[in-house]
Amino acid sequence: MTICTHEKRHLFGNIEDGRVNLNELGKMVDSRLKISAEICREIELDERIIMPNHIHFIIWIAGACATRPGSDYPSNFGQGAWHAPLRQSKSIAPFVGLFKSKTTSISRKMSLDDTAKLWQRNYHERVIRDERELYETRKYILDNPLKWGMDPEYA
């Protein structure tokens with residue numbers, strides 16, 4: 001999957017010598033991506049990278065994505081007591097919605113303009129069909145910072 005920032009603004013840090021240097025907002029996005037995958041138990045997070053103006057990640061879809069209606073996170077999340085799915089989906093849309101909503105809310109509290117949009121609308125997804133494609137996709141994600149200056153769409 002790929003999700004870009006609104007207007008492809010460079011918000012999450014910079015690339016120096018082929019390495020990503022995340023700023024506070026970029027670190028928060030990375031943390032919330034992991035937390036969102038823990039909440040949506042149907043999602044298992046594989047390889048990921050946070051770039052200055054987009055993120056790439058691979059997810060595996062298994063069971064049911066559970067969130068409490070009307071809330072981004074269950075009230076007792078992290079306490080080990082919340083296990084019953086209240087809402088089920090075979091789609092990645094609830095996962096992406098949870099992630100985008102929570103990161104946008106937090107970013108506004110981190111001094112970004114309250115009216116500023118964090119993410120572009122929608123996201124790009126692609127099904128990985130075999131081991132070779134999985135290997136190539138993981139390699140693409142890991143090599144993304146090295147190719148940053150060569151990609152006119154992102155640099």
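Start with α3, residues 131-143. α3 has 13 residues and reaches 18 Å from its first C-alpha to its last. That is close to the 18 Å expected at 1.5 Å a residue, where the expected span is 1.5 Å times one less than the number of residues. Helices here are DSSP runs of H or I with at least four residues, strands are runs of E with at least two, and both are numbered from the N terminus.

Two sentences on provenance. This is a predicted model, so local features need pLDDT of at least 70 and side-chain atom pairs count only at pLDDT 80 or more, while totals for chains, interfaces and linings use all residues. Residues are numbered from 1 along each chain as its sequence is written, and side-chain values use heavy atoms, with hydrogens and water left out.

Which residues of α3 are buried? They are Glu-133, Leu-134, Thr-137, Ile-141 and Asp-143. Buried means under 20% relative accessible area, exposed means over 50%, and partly exposed is in between, with a 1.4 Å probe and protein chains only. The cover over these α3 residues includes β4 and β5.

Now the overall layout. The chain has 3 helices and 5 strands. From the N terminus, the order is β-β-β-α-β-β-α-α. Of its 155 residues, 41% count as buried. Contact means heavy atoms within 4.5 Å. Take the contacts with a separation of 6 or more: 67% of them come from residues 24 or more positions apart.

Next, α2, residues 93-109. Its 17 residues should span 24 Å at 1.5 Å a residue, and its end C-alpha atoms are 24 Å apart, so the two agree. Buried residues in α2 are Phe-95, Val-96, Leu-98, Phe-99, Lys-100, Thr-103, Thr-104, Ile-106 and Ser-107. Their cover includes β1 (2-4), α1, β4 and β5. Just after α2, Ser-111 takes a positive phi of about 85 degrees.

On to the core. In soluble globular proteins, nonpolar side chains tend to be buried together. A nonpolar core, as used here, is a set of buried Ala, Val, Leu, Ile, Met, Phe, Trp, Tyr and Cys residues joined through side-chain atoms within 4.5 Å. The largest one has 25 residues. Which have the most contacts inside it? Phe-12, Val-29, Ile-55, Phe-57, Phe-95 and Trp-119. Elements giving two or more residues are α1 (24-39), β4 (43-50), β5 (54-61) and α2. α1 gives the most, with 7 residues.

Look at Phe-95 up close. Leaving aside neighbours within four places in sequence, Phe-95 is in contact with Leu-33, Ser-36, Ala-37, Cys-40, Ile-43, Phe-57 and Ile-59. Apart from that core lies another, of 7 residues, among them Ile-15, Met-51, Ile-141 and Trp-148.

Now the largest pocket. Its space is about 500 Å³. The search runs on a 1 Å grid over the protein atoms alone: a pocket is an open set of points where a 1.4 Å probe fits, with protein on both sides within 12 Å along at least five of seven lines, and lining residues have an atom within 4 Å of a point. Grid points are joined across faces, edges and corners, and the volume is the space filled by probe spheres set on them.

There are 22 lining residues, and Met-1, Ile-58, Arg-126, Val-127 and Ile-128 lie nearest the centre. β5 and α3 each supply at least two. The lining divides into 12 nonpolar, 4 polar and 6 charged. Ala, Val, Leu, Ile, Met, Phe, Trp, Tyr, Cys and Pro count as nonpolar, Asp, Glu, Lys and Arg as charged, and the others, Gly among them, as polar.

Back to backbone angles. Most residues other than glycine have a negative phi. Glu-7 has a positive one, near 60 degrees, and Lys-8 does too, near 50 degrees. Glu-7 counts as exposed, at 63% relative accessibility. Lys-8 is partly exposed, at 27%.

Last stop, Glu-44 in strand β4. Is Glu-44 buried or exposed? Exposed, at 51% relative accessibility. Beyond four places in sequence, Glu-44 is in contact with Ile-58, Ile-59 and Trp-60.
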